[in-house]
Every structure is written in C-alpha cells, then in structure tokens.
Amino acid sequence: MLEEQEKYIVKVKEKNKSKNLKYSILTMGCELNENDSEKIAGMLEEMGYTKIDDYKKSDLVIFNTCCVRENAEERLFGKIGEIKKIKESQDIILAIGGCMMQEKNMLDKIKKSYPFVDIIFGTHTIQNLPENIYKAIVKNEKVKDVIDIDGEIFEGLPIKRNSKFKASVTIMYGCDNFCSYCIVPYVRGRERSRKPEKILEEIRKLADEGYKEVTLLGQNVNSYKGDEKIKNFADLLNEVCKIDGIKKVDFISPHPKDFSDEVIDAIRNNEKISRIIHLPLQSGNTKVLKEMNRKYTKEQYLNLANKMYERIPGLVLSTDIIVGFPGETDQEFEDTLDVVRKINFEQIFMFIYSKREGTVASKREDQIPEDIKHERFNKLKELFEAKIDENNKKYIGTVQNILIEGPSKYNENTYEGRTSTNKVVIIEQKDNYKIGDVVKVKIIENHKWYLKGEAMCS
Ligand code: SAH
Ligand code: SF4
Ligand code: F3S
C-alpha cells in the first residue's frame with residue numbers, strides 16, 4: 001500500500017519539478033490532528049512542496065478539520081469561502097481532511113455546496129494523499145477518499161515535525177469509550193494500539209536526531225495495549241524513559257478509569273515523566289458522570305486524584321470540564337464546583353456542552369437552554385480564576401527553575417518561560433538566554449495568567 005503511494009510521490013515530484021510549489025496546512029483540532037498534519041506535511045515535502053504559513057499564497061492548501069464541538073463548522077465554511085475567492089484568479093488546490101469529513105452530513109454538505117473542493121479525505125485515508133494529489137493535479141479529478149471502516153495502522157509515513165526539540169508520538173488510534181456527548185469514537189473508529197517496538201524505534205530515532213521531549217498521544221492513552229513483553233501503558237512508559245537523550249516524557253489524554261497503580265508507580269519512579277498530568281473530569285456529579293458514560297463516580301475521581309497527589313510528589317493536575325450536559329440540574333452542577341474547590345487544578349479547559357449529531361446525549365429531550373449553560377460556564381470560570389489568584393500568591397518570594405521558551409510576546413525586552421509546574425513566568429531582567437536554558441528566578445508579582453520574576457545572579 002505504502003509502496004504504491006511512493007510511486008505517486010515520485011510522479012507528483014516529477015510533475016512539480018522546478019515549479020517551486022508551496023503548501024500550507026491549517027490544523028483545526030487536537031494534538032492527534034496536529035500529529036496527522038505533521039505526517040501530511042512529511043508526504044508533501046517529499047512531493048516537492050515547501051511549507052509557508054500564508055495559505056493565500058499557497059499552491060496547495062490543506063484544512064485538517066475537527067468536529068468535537070459545533071463552532072468548528074462555521075469556521076471551516078468561512079475558510080472555504082476565502083479559498084473559493086482565490087480560486088477564481090489563481091490555481092490553488094484545496095484539500096479538506098480530518099475528523100469532520102468522517103461525518104456523513106458534513107461530507108454531503110461539502111460535496112453539494114462546495115463542489116470546487118479538489119480533495120476530500122478522512123481520518124483513515126491520510127496515507128493515500130500522494131495518489132489523491134496526483135489525481136487532482138494530473139487528471140484534474142475531484143477526489144473523495146473517505147472510508148468508514150477502521151483504518152489499518154500505517155507505519156513509516158514520512159513526517160515533518162513542527163519542532164526540533166519536542167515531538168509528538170501517536171501510540172494508539174481511535175477510542176472505544178463512547179462518552180455519550182462525544183463524536184470522536186464515530187470519526188476516529190475503534191481503538192488500535194501501535195506495536196511497542198515501532199513506538200520505541202520511533203522515539204530512539206527522535207533521540208538520535210536530538211529531540212529532548214516526547215509526548216505520547218492517544219484519545220485514551222492509558223488504555224494502550226502492547227504485546228507479551230510490553231503489555232500496557234505503564235510498561236511502555238518505563239521503556240520510553242530508558243531511552244537515552246530523551247529528557248522529558250509527557251502523555252495526553254489519559255482516562256481516569258484506566259489510571260492504574262502501575263501507571264502511578266511508573267510516573268513516580270521515572271523523573272523524566274512530567275509532573276503535570278491532565279486528568280479529564282468532565283463533571284463532578286456521579287449521576288451526570290453515569291449518563292456521560294464516564295465509568296467513574298465523583299468519589300472515585302477524588303480518591304484517584306488524592307492518591308496521585310500522595311504518591312507523586314510535586315504533582316500538578318489539569319482537567320477538562322463540560323457544563324450544561326443534558327439534564328444537568330443546578331445542584332448537580334454544584335458538585336462540579338465542589339470538585340474544583342477541592343482539587344487544586346492548575347488549568348481547567350472549560351467547555352459548554354455542544355450537541356453532536358449521532359451521539360447518545362444529542363437525542364435527549366432535556367437539553368439545557370443556552371443562557372443557563374453560559375451562566376454555569378461563567379460561574380465555573382469565576383471560581384477557577386479566584387483559585388488561580390490564591391494559588392499564584394504562594395509563588396511570590398520563592399525561587400524557581402524556569403525553562404526559557406523565548407522572548408516574551410508582549411514585551412521584547414523580557415523573556416518568557418515556565419516553572420516545572422507549567423506556570424508562565426515573565427522574566428524582567430534581560431540577559432542573553434537561549435530557548436531551553438534553565439534559569440533561577442525569584443518570583444516577585446502575580447498577574448493571574450502569568451507571574452513576574454527576576455533572574456538571580458548565577
Ligand atoms: N479523549 C479525551 C478528550 C477528547 S475531546 C478525553 O477523554 O479526555 C477534548 C475535550 O472536549 C473533552 O475532554 C471534553 O471536555 C470536550 N468535549 C468533547 N465532546 C464535547 C461536546 N460534545 N461538547 C462540549 N465539549 C466536548
Ligand atoms: Fe471522547 Fe470519551 Fe473517547 Fe475522550 S474518552 S475521545 S471524551 S469518547
Ligand atoms: Fe477534534 Fe478529531 Fe481531535 S474531532 S478533538 S480533531 S480527534
């Protein structure tokens with residue numbers, strides 16, 4: 001299959017020879033989508049295209065879509081409209097791929113209302129892109145390449161990574177959880193884990209190329225299933241940490257129901273593993289959690305979080321919360337606030353429930369009115385912001401090791417970095433720091449979304 005695609009890579013490259021063609025990719029989704037975009041970029045570069053940011057100046061534009069919440073649709077239609085205008089005066093190939101193309105109603109809509117789109121591909125057919133581009137640019141065909149069945153796992157696709165320092169590695173595809181609000185299992189198919197050896201091989205190669213950090217990706221990363229030797233996620237973490245050269249290991253997203261003691265031990269025993277862990281809560285109410293099909297209760301979540309705090313010194317938790325799930329009462333929402341009061345989340349990604357066609361929750365009659373959803377969202381936001389202030393104050397006067405990320409976006413005379421707990425710190429004193437330097441900094445002020453600090457003399 002991939003060999004077949006290599007032939008098309010050669011053909012397209014030949015066709016594009018000495019034309020200096022440009023491509024751009026707009027990634028609209030999560031880390032997994034971003035990782036897919038890196039693979040798409042890898043194939044395009046082999047076909048002789050060069051990356052630029054401005055899609056209006058590109059010869060080939062790829063939109064890699066997301067459909068986890070409704071607002072993504074409006075955004076995509078706006079972008080397609082912009083390309084349509086450009087298409088009137090210049091040759092530009094438009095390819096749309098990703099999760100939204102796996103939704104039948106969206107696929108039909110694009111085909112009907114936007115017939116000028118050149119290539120449509122889904123989440124299981126990324127590897128066919130060379131052939132699809134060949135058909136579009138040589139044969140002038142409109143291509144639709146979306147399949148419903150779970151794709152195989154294709155190893156060895158070329159990849160062009162966004163960073164030279166940090167790399168994402170998808171360890172499993174799909175999701176079997178069917179949380180009742182979520183469309184991901186429908187558009188990404190069933191869980192498929194990559195073979196441990198393939199993952200380790202990829203990470204060893206990254207280490208050889210000078211990468212220092214890896215993030216292991218999966219929609220339910222800790223339900224990873226390996227082989228006889230490296231059986232599960234905990235085993236995989238232990239093996240990844242043995243790779244010399246890799247200094248930091250991160251993962252996203254784990255599910256609380258699969259957070260085994262072995263995984264907790266693996267984190268505790270390996271200093272390379274990040275102490276910032278994302279542990280999606282979704283709701284703090286046991287009845288709502290059951291209706292969401294999350295498979296844990298409020299108490300189980302709290303017990304897990306507390307156990308993790310006890311066993312992993314320096315642990316910092318972040319989370320995802322959905323407000324306004326169908327049928328959620330004020331009292332049930334109070335339970336969510338209660339969990340937020342009890343756990344010191346460093347960051348909360350808050351979402352207003354969005355009805356996704358085809359999911360179990362979308363069929364419910366008791367959808368929550370928009371104004372109530374917004375009210376709850378604001379309440380949660382206020383509570384969290386007050387907690388951040390309280391939390392930040394604890395840093396004032398302390399000395400922290402700050403990992404420099406570069407000059408600050410807001411003031412070029414300052415640097416921006418992060419504490420080991422992921423807090424953004426703006427460093428007042430100017431010195432010549434390089435990205436990746438670790439600097440001792442005294443924290444002097446709290447600005448809610450960031451802390452201000454002074455570099456200590458070394
Ligand atoms: N697999 C990950 C999350 C994937 S989607 C996990 O289970 O944690 C990222 C986040 O989007 C989810 O955690 C959830 O909070 C939010 N989300 C998913 N579907 C949603 C919907 N229909 N409405 C609002 N938020 C949603
Ligand atoms: Fe969606 Fe739940 Fe799967 Fe996450 S675990 S992708 S929220 S179904
Ligand atoms: Fe969106 Fe698909 Fe990721 S729906 S959140 S891009 S898996």
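This is a predicted model: local features need pLDDT of at least 70, side-chain atom pairs count only at pLDDT 80 or more; totals for chains, interfaces and linings use all residues.
Residues are numbered from 1 along each chain as its sequence is written, chains are lettered from A and ligands numbered from 1 in the order in which they are written, and side-chain values use heavy atoms, with hydrogens and water left out.

Ligand 1 has 15 residues around it, of which Arg69, Gln219, Gln282, Asp320 and Ser354 come nearest; a residue is counted in such a shell if one of its heavy atoms lies within 4 Å of the molecule. By class this shell holds seven nonpolar, four polar and four charged residues, where Ala, Val, Leu, Ile, Met, Phe, Trp, Tyr, Cys and Pro count as nonpolar, Asp, Glu, Lys and Arg as charged, and the others, Gly among them, as polar. Among the polar contacts (pairs of N or O atoms within 3.5 Å), a polar side-chain atom of Gln282 lies 2.7 Å from an oxygen atom of ligand 1, and a side-chain N or O atom of Arg69 is 2.8 Å from an oxygen atom of this ligand. Tyr181 takes part through its backbone, with an N or O atom 3.0 Å from a nitrogen atom of ligand 1. Of the 540 Å² of accessible area that ligand 1 has on its own, the protein covers 90%, as computed by the Shrake-Rupley method with a 1.4 Å probe.

Ligand 2 is surrounded by residues including Cys175, Cys179, Tyr181, Cys182, Gln219 and His255, and its shell comprises seven nonpolar, three polar and one charged residues. Around ligand 3 stand Gly29, Cys30, Asn33, Cys66, Cys67, Val68, Cys99, Arg188 and Gln219.

In helix H4 (residues 104–113), Met106, Leu107 and Ile110 are buried, that is, under 20% relative accessible area with a 1.4 Å probe and protein chains only, whereas exposed means over 50%. Helices are DSSP runs of H or I with at least four residues, and strands are runs of E with at least two, numbered from the N terminus. The face of H4 turned away from its buried side carries the exposed residues Lys104 and Lys112.

Phe233, in helix H8 (residues 233–241), is buried, with a relative accessible area of 1%. Setting aside residues up to four places away in sequence, Phe233 touches Ile171, Leu216, Val221, Asn222, Tyr224, Phe251 and Val263, contact meaning heavy atoms within 4.5 Å.

Definitions and conventions
A polar contact is a pair of N or O atoms within 3.5 Å; within protein, one must be able to donate a hydrogen and the other to accept it, and residues adjacent in sequence count only if both atoms are side-chain atoms.
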